[in-house]
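I opened this model to look up helix packing, the chain contact and a few salt bridges. My entries follow.

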Amino acid sequence: MDTVFGFVGKDFALVATDCGVAYSIMRFSDTEDKIMAVDDNKLFAMGGEIGDRLNFGEYIQKNIHLYTFRTGIKLNVREAANYTRSELAYAIRNGPYQVNLLIGGFDEEGPSLYWLDYLGTLQKLTRGAHGYGAYFVSGLLDNWFKPDLTLDEGIELVKKCINEVQTRFLMSQKNFVVKIVTKDGIRVI
Amino acid sequence: SRRYDTKTNAFSSDGRLMQVENALEGINQAGSSIGILTDEGITFACERDVSSSLLELSKHSEEIFCLDRHVHCVVSGLAADANLLIEVSRVHSQRFRYSYRENIPIQELVRHVCDIKQRYTQVGGQRPFGAAFLFGGWDKTFKFQLYSSDPSGNFAGWKAIAIGKNHVAANSFLKENYQEGMTMTQGLDLAVKALCKTIDTTNPSPDKLEIMYMTKNEAGELVAKTLNEKEVLELLQRNNFQVKQKE
């Protein structure tokens, strides 16, 4: 089960996912990057069924890029999140995408984080998590989060969360990918 | 090349689409519309084609339509054709709002309507739409914008534009008198002067004119206002028109 979590800082949005890919009783990979960059100011951190994650992620990414090519206007994070939600909401009654996402981004409204799940739920949050890992990190995020986190404080919090999941979660989650979006673009930590 | 007129989607031997050109001619017979873009907002002024005292006009405008809260349009030409396209554009705007939770960029709305118009010049053997539009509104990318579209499916952005009857005279008047950085009031003055040029009269009557404007108020919200008869009267008198009193 994929662990996805993230939060918003003073001038950045941060998302992190584990790197494991598992199927039945086997672990396929430990180095999977589940965070997709859309444009240069949005990060889609996805967890869920592998095929759906790849397919849906690419579908949304390409559609958002198409919009930019067609109209010359870049979507801001809110619009992109709502668009993604509308696709999930349509699919839920046709052939659901089993993907849960956190969309972190930075635009003229500042840094933002959106929590979406496969049913078509959308919520703008300051901190959130998906997967079994969510049960472990939600408490930590609630406890250590404060408004206007600096990047260093943010990284400290991420380390705490990763440590907790690695210590206490049943499945081994050796590696994590952490990415942030600032006004200067996307960076891997 | 009259014999190429009958088939709408065929090129004539000199490379023209006669049906489209005929449609454009039709617009030139219709009541005129003026659009002006200023830094403070957009003005639309149009001439009512029919204004009989029997007509129940109090709520319904024949010419000016609200497409969404941030964009309005003015019609010249066949009202029935226009109504269909207006409905299409309203739905498109709301569908965008459903997906993206945001005002549709005006250029995209205009492009969508024009794509439909173009289809009828190429496919199906049906006549083109006999309606030309002026679209005006505000979006966050390009701020205030004014677009015109015609039956061929072409559209363009303008600072000031006239369509319909006598639009050539009106456009040259606008070209001479348009200035950058006008205020809303100056825009209204220019619009009404240009409109009266197309009606070709120095004593217009307020019930024949429909004038509206879109601007941002002090709170930064977009407001759209249609001038009522008294305000049109004041506007005309301020610009030294001898107003014909209603019989």
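**Entry 1: ground rules.** I am working with a predicted model, where local features need pLDDT of at least 70, side-chain atom pairs count only at pLDDT 80 or more, and totals for chains, interfaces and linings use all residues. Residues are numbered from 1 along each chain as its sequence is written, chains are lettered from A and ligands numbered from 1 in the order in which they are written, and side-chain values use heavy atoms, with hydrogens and water left out.

**Entry 2: α2 and α3 of chain B.** I looked up how α2(B) passes α3(B), and the crossing is right-handed. α2(B) covers residues 79–100 and α3(B) residues 106–122. Their axes lie 10 Å apart, at an angle of about 135 degrees. That angle makes α2(B) oblique to α3(B). (Under 35 degrees counts as roughly parallel, over 145 as roughly antiparallel, 65 to 115 as roughly perpendicular, the rest as oblique.) Axes are lines fitted to C-alpha atoms, for helices over the stretch in contact, and angles run from 0 to 180 degrees between N-to-C directions.

Which residues meet? From α2(B) I noted B:L85, B:V88, B:S89, B:H92, B:S93 and B:F96. From α3(B) they meet B:E108, B:L109, B:H112, B:V113, B:I116 and B:K117. Contact means heavy atoms within 4.5 Å. By class, the contact of α2(B) with α3(B) has six nonpolar, four polar and two charged residues. (Nonpolar: Ala, Val, Leu, Ile, Met, Phe, Trp, Tyr, Cys and Pro; charged: Asp, Glu, Lys and Arg; polar: the others, Gly among them.)

Entry 3: I moved on to α4(B), residues 167–177, and α5(B), residues 184–199. Their axes come within 8 Å and cross at roughly 150 degrees. That makes α4(B) roughly antiparallel to α5(B). This crossing of α4(B) and α5(B) is right-handed too. On α4(B) the contact uses B:A169, B:A170, B:F173, B:L174 and B:N177. On α5(B) it uses B:L190, B:K193, B:A194, B:K197 and B:T198. I count classes as six nonpolar, two polar and two charged residues.

α5(B) also meets α6(B), residues 229–238; the axes come within 10 Å and cross at roughly 85 degrees. That makes α5(B) roughly perpendicular to α6(B). B:T185, B:L188, B:D189, B:V192 and B:C196 of α5(B) touch B:L235, B:L236 and B:R238 of α6(B).

**Entry 4: chain A against chain B.** How much area do the chains bury? Chain A and chain B bury about 1200 Å² between them, 49% of it on carbon and sulfur atoms. (Buried area is the accessible area, with a 1.4 Å probe, that two parts lose on being put together, summed over both.) A:Y67, A:I73 and A:E79 supply 38% of the area that chain A buries against chain B, more than any other three residues. The contact takes 14 residues from chain A and 12 from chain B.

I found two salt bridges across this interface. (A salt bridge is a side-chain nitrogen of Lys or Arg within 4 Å of a carboxyl oxygen of Asp or Glu.) B:K140 pairs with A:E79 in a salt bridge, closest N and O atoms 3.1 Å apart.

Entry 5: Over all chains the count comes to 22 salt bridges. A:E32 forms one with A:R53, at 3.4 Å between the closest N and O atoms.

I also checked phi. A:D39 has a positive phi near 55 degrees and is not a glycine. A:D39 sits in the loop between β5 and β6 of chain A. B:K143, also not a glycine, has a positive phi of about 60 degrees. B:K143 is in strand β6 of chain B, residues 143–149.

Terms used: Helices (H or I, at least four residues) and strands (E, at least two) are DSSP runs, numbered from the N terminus. A crossing is left-handed if the near helix is turned anticlockwise from the far one by less than a right angle, and right-handed if clockwise.
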